[in-house]
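Let's take a walk through a protein together.

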Amino acid sequence: MYLSREEERMLSGEEGAAVQKAMQLLTALGEVFGAERMVKVESAQIAGVSYGNIGDAGMEFLEDWANLGGKVRVKATLNPAGMDLNKWQEMGVDGEYYKKQIRILKAFEKMGVEITCTCTPYLVGNRPRFGAHVAWSESSAVVFANSVLGARTNREGGPSALAAAITGRTPCYGLHIEDNREPTAIVKVEARMRSIFDFSLLGYTVGRILGSGIPYLKGVSGADLDRLKIMSAALAASGGIAMFHSGGRLRAADKLEKVCVDQRELELSREKLSSEGKPDLACIGCPHCSLQELKDLARAVKGKKVKKGCALWVWTSNGVYDEAKDRGYLSVIEGAGGKVFTDTCMVVCPLEKSGYTHMVSNSCKAAHYVPSTSGLRATVTETYLVLESIMEGR
Ligand code: F3S
């Protein structure tokens, strides 16, 4: 692989051991994927943050890198951590877990990474320009960045995203290359698309049917930011999809695979992600809620109350949380008995410590992962039905 003189210096150790380690990792990755050169990145979004996911070995790996003098040279934010950094006790997290999670965050902080732990970095200041190369890890954010923002990123692992942040480079392969960003299949959408949940189901269904590739979605209207956000998450959960198109030029359409998604296919996905029995924990915010979603939620729960034995847990980034608090949305949600957590989510926190047994959500991604990450049963449905199932009142 061709390396510039500066990149050669990084690899030879002239810029320190931490940079050398990062460049060794990136060149090895580039060799595996046949990259011909490196490309400069504008930002990184780093996964592998939750103590529950990376454990002691991951924590020590990060501390070692930080102790070698690793420092990021581009804007870098984090994926959700394993707990709310302030309200961790309300989640049932124990003191030992808390201490280890803080050690992980301190290692990142020492390397200059912003302690903004979210899968929606584009809502809170880490929003790449159209055409910019970035190194992002979180699968829903990767789909959103490639498809909605027009940035270019592969689905990075935590270490490769951190290495990209430390060197400002990533190997140029996959979705960094224009020709690899063309659609590979045409998806004709014949289902009714009316709600945010419909978009989540559509994403999940397309991922389930195609498995991989770059779908070109035809016949989708009414997509706003929140709908695209939840669809991006679902596309990456059921399949290995990292990008979609929903308009624009279509080259060689006759050579592409064609599939149709109708109401019956969406219903199949809903059934696949739903369990028997009554849910006791409603989760909204996969991906992390936007300000608009918190506003809508506050309106929906006003005058209602969470039923005894049930809970409403809402997940967002700390930037959106602060704004929602200033606007009074949080006091309404909390007044109805809900809790709003930041820096973490239902999939990467130890949800089994909550004491609840059956999660209901409007997010197919949440329902896809929660049973395997925490053992709770899961159900997906429309947002208003999520709320109806655990709330009472007007
Ligand atoms: Fe975000 Fe967690 Fe869902 S990282 S996309 S809220 S699984």
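We will go from the domains to the ligand and then to the nonpolar cores.

This is a predicted model, in which local features need pLDDT of at least 70 and side-chain atom pairs count only at pLDDT 80 or more, while totals for chains, interfaces and linings use all residues. Residues are numbered from 1 along each chain as its sequence is written, and side-chain values use heavy atoms, with hydrogens and water left out.

Start with the protein chain, which is assigned domain 1 (5-178), domain 2 (182-271) and domain 3 (273-393); such bounds come from an automatic or database domain assignment. Between the C-alpha centres of domain 1 and domain 3 there are 27 Å. Their contact (heavy atoms within 4.5 Å) takes 26 residues from domain 1 and 24 residues from domain 3.

Now find the ligand. Around it you will see Pro80, Cys119, Glu138, Ser140, Gly285, Cys286, Pro287, Cys345, Val347 and Lys365; these belong to its shell, where a residue is near if one of its heavy atoms lies within 4 Å. Because domain 1 and domain 3 both give residues to this shell, the ligand lies between them.

Finally, look inside. In soluble globular proteins, nonpolar side chains tend to be buried together. A nonpolar core is a set of buried (under 20% relative accessible area, 1.4 Å probe, protein chains only) Ala, Val, Leu, Ile, Met, Phe, Trp, Tyr and Cys residues joined through side-chain atoms within 4.5 Å. Here the largest one has 103 residues, and Ile46, Phe108, Leu162, Trp315 and Met346 have the most contacts inside it. Apart from this core lies another, of 25 residues, including Ala298 and Leu330.

Key
Buried means under 20% relative accessible area, exposed over 50%, partly exposed in between (1.4 Å probe, protein chains only).
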